[in-house]
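Hi,

Here is the structure I promised to pass on.

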Amino acid sequence: IIEGTVILLTVDRLPSGATAKPVWLWWSQATATAAEVDLLWQVFLRRFDIEHTFRMLKQTLGWTSPKLRDPHAADRWTCLV
């Protein structure tokens with residue numbers, strides 16, 4: 001048994017008008033205060049933004065298109081993109 005806190009995130013309204021599915025978050029602390037829960041959902045949203053930014057960089061901008069073997073070449077390609 002692993003103790004933790006489960007948090008249910010629900011969205012009342014999305015800017016696009018779409019219907020949002022609820023999201024369940026798990027935190028490794030056994031108890032959470034209201035302030036900690038507030039912080040946790042904000043951290044989740046920030047992580048979500050970062051992940052989708054990298055997804056856009058990889059797919060739309062072709063960041064991972066070339067098959068680069070040298071880390072320096074990968075750094076140069078990142079600067080170009």
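By class, the lining of the second largest pocket comes out as 7 nonpolar, no polar and 1 charged residues (Ala, Val, Leu, Ile, Met, Phe, Trp, Tyr, Cys and Pro count as nonpolar, Asp, Glu, Lys and Arg as charged, and the others, Gly among them, as polar). The residues in question are Ile-7, Leu-25, Trp-26, Trp-27, Leu-40, Val-43, Phe-44 and Arg-47. H1 gives the most to this second lining, with 4 residues, and both strand E2 (23-27) and H1 supply at least two each. The volume of the second largest pocket is about 160 Å³.

A word on where this comes from: the model is predicted, so local features need pLDDT of at least 70 and side-chain atom pairs count only at pLDDT 80 or more, while totals for chains, interfaces and linings use all residues. Residues are numbered from 1 along each chain as its sequence is written, and side-chain values use heavy atoms, with hydrogens and water left out.

On terms, a pocket is an open set of points on a 1 Å grid over the protein atoms alone, where a 1.4 Å probe fits, with protein on both sides within 12 Å along at least five of seven lines; lining residues have an atom within 4 Å of a point. Points are joined across faces, edges and corners, and a volume is the space filled by probe spheres set on them. Helices (H or I, at least four residues) and strands (E, at least two) are DSSP runs, numbered from the N terminus.

The largest pocket has a volume of about 270 Å³. Its lining is made up of Leu-9, Thr-10, Val-11, Leu-14, Lys-21, Val-23, Trp-41, Phe-44, Leu-45 and Phe-48, that is 8 nonpolar, 1 polar and 1 charged residues. H1 gives the most here too, with 4 residues.

Arg-47 is exposed at 55% relative accessible area, whereas Glu-51 is partly exposed at 41% (buried is under 20%, exposed over 50%, partly exposed in between; 1.4 Å probe, protein chains only).

Lastly, Met-56 is in helix H1 too and is partly exposed, at 38%. From Met-56 to Leu-8 is 48 residues in sequence and 27 Å in space, C-alpha to C-alpha.

Cheers
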